[in-house]
Amino acid sequence: MIKLTRRTAALAALAIALPLGAAAQDYPSKDLTHIMPWSAGGGTDTVMRTFMNFAEQTLGVGINTQNITGAQSGIGTLRLMKARPDGYTIGSLTWDSVITVPYYDLVPGYDTAELEYLGSVTVHPTVIAVNADSPYQTLEDFVAAAKEAPGELSISNVGSGGVWHLPALDLADATGIEVNHVPYPDGSGPQREALLSGETDAASLSASAVYAAVQSGQARVLAVMGTERSEFLPDVPTMQELGYDVVWGSFRLIAAPKGIDPAQKEVLEAGFAEVFELPEFQARAEETAMGAVYMNGADTTAYVEASQKKAFALIDNLVEQGILEK
């Protein structure tokens, strides 16, 4: 996994220098279609359109985005799976695309094995945040208070069994606390407002979702669930630093239909890696706390498989407890 830094130059240079097969000699020779399985104007749509605009420069062709929504990204992702693997159709994927939709079998005929992962664009570590007026200055403070009053403190998420609920459950299990998990299914906006108004004691959400509130002095992050500290929150320790092996995050990935020519895949990976070296993209990512992280196709595949294994096990446990229904 490579974060957005100038050190990715070596990676991009290596990718570009790789010998290409005959099938890639004149590839791409026409515009690509980019399937976006979320609504226009949303966070993922905005970030991925921005990325694709820069990728047009590195690949030398246009990239036309089509919003195909429904079933928590499942409809658009199924369309990607069923597209011709000719190298001219790619798509964006999120947590729901590879976790929620396949686990709950939301779309008939849906199988993530029919995808070829091309790389990542963003990886947002999950964080535990509190209101700036909260008495909890550290994660240890929060854990101690939760142990003194089991089930009384609350941690919000954006839906039971979803992208922010599972990390909070993992946190509770690792620290041995019992908390009240409060869902805000309308998204991280209402969830963040509930935190800032004092409606909840803490929030499990992405670093990017709470970054502006932290910058304005309205919120404080107690811990980051990444393998290393966030560049946007350099003073905040990771859960691993605090002695808890709790690592979670959301992501935005790029994929193609299974069966794409390896030489074409090589070209796309090289073009996407090169985007991370564009000064204009670096500036945009930094300004917006995008959480830009590049992984190549192989690393992205391994990352997805590990995420699925961990998430499915936790959801299975919730189903067994009767907290969720499958």
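1. In this predicted model, the contact between the two domains involves 11 residues of domain 1 and 13 residues of domain 2. The domain assignment gives domain 1 as 32–123 + 250–316 and domain 2 as 125–248. Taken over C-alpha atoms, the centres of the two domains are separated by 27 Å.

2. Domain 1 and domain 2 bury about 1100 Å² between them, and carbon and sulfur atoms account for 71% of that area. On the side of domain 1, Trp-95, Ala-289 and Leu-314 contribute 46% of the area buried against domain 2, more than any other three residues.

3. Between domain 1 and domain 2 the count of salt bridges is zero, and one residue pair is found in polar contact across the interface. Helices H11 and H12 (297–321) each supply at least two residues of the side of domain 1 that touches domain 2. H12 gives the most to that side, with four residues.

4. Helix H11 (residues 279–288) also has buried residues, namely Phe-281, Gln-282 and Ala-285. Viewed down the axis of H11, the buried residues fall within an arc of 100°, and they therefore line one face of the helix. They pack against helix H2 (43–59) and helix H10 (262–275). Just after H11, Ala-289 adopts a positive phi of about 50°.

5. The structure holds four salt bridges. In one of them, the side chains of Asp-45 and Arg-49 meet at 2.9 Å, N to O. These residues are four apart in helix H2, so about one helical turn separates them. Asp-45 counts as buried because its relative accessibility is 3%, whereas Arg-49 is partly exposed at 31%.

6. A further salt bridge joins Lys-258 and Glu-116, with 3.4 Å between the closest N and O atoms. This pair links distant parts of the chain, 142 residues apart: Lys-258 lies in the loop between strand E10 (249–257) and H10, and Glu-116 in strand E5 (residues 115–131). Lys-258 is partly exposed, at 46% relative accessibility, while Glu-116 is buried, with a relative accessible area of 17%. Glu-116, Lys-258 and Lys-265 are linked in a network of salt bridges.

7. Glu-241 and Arg-229 also form a salt bridge through their side chains (2.9 Å, N to O). The two residues are 12 residues apart, and each is in the loop between strand E9 (219–224) and E10. Glu-241 is partly exposed, with a relative accessible area of 44%, and Arg-229 is likewise partly exposed, at 33%.

Technical notes: Residues numbered from 1 in each chain as written. Predicted model: local features only at pLDDT ≥ 70, side-chain atom pairs only at ≥ 80, totals over all residues. Heavy atoms only, no water. Buried < 20%, exposed > 50% of the residue type's maximum accessible area, 1.4 Å probe, protein only. Arc of directions from axis to C-beta. Contact = heavy atoms within 4.5 Å. Domains from an automatic or database assignment. Buried area = accessible area lost by both parts, 1.4 Å probe. Polar contact = N/O pair within 3.5 Å; in protein donor to acceptor, adjacent residues only side chain to side chain.
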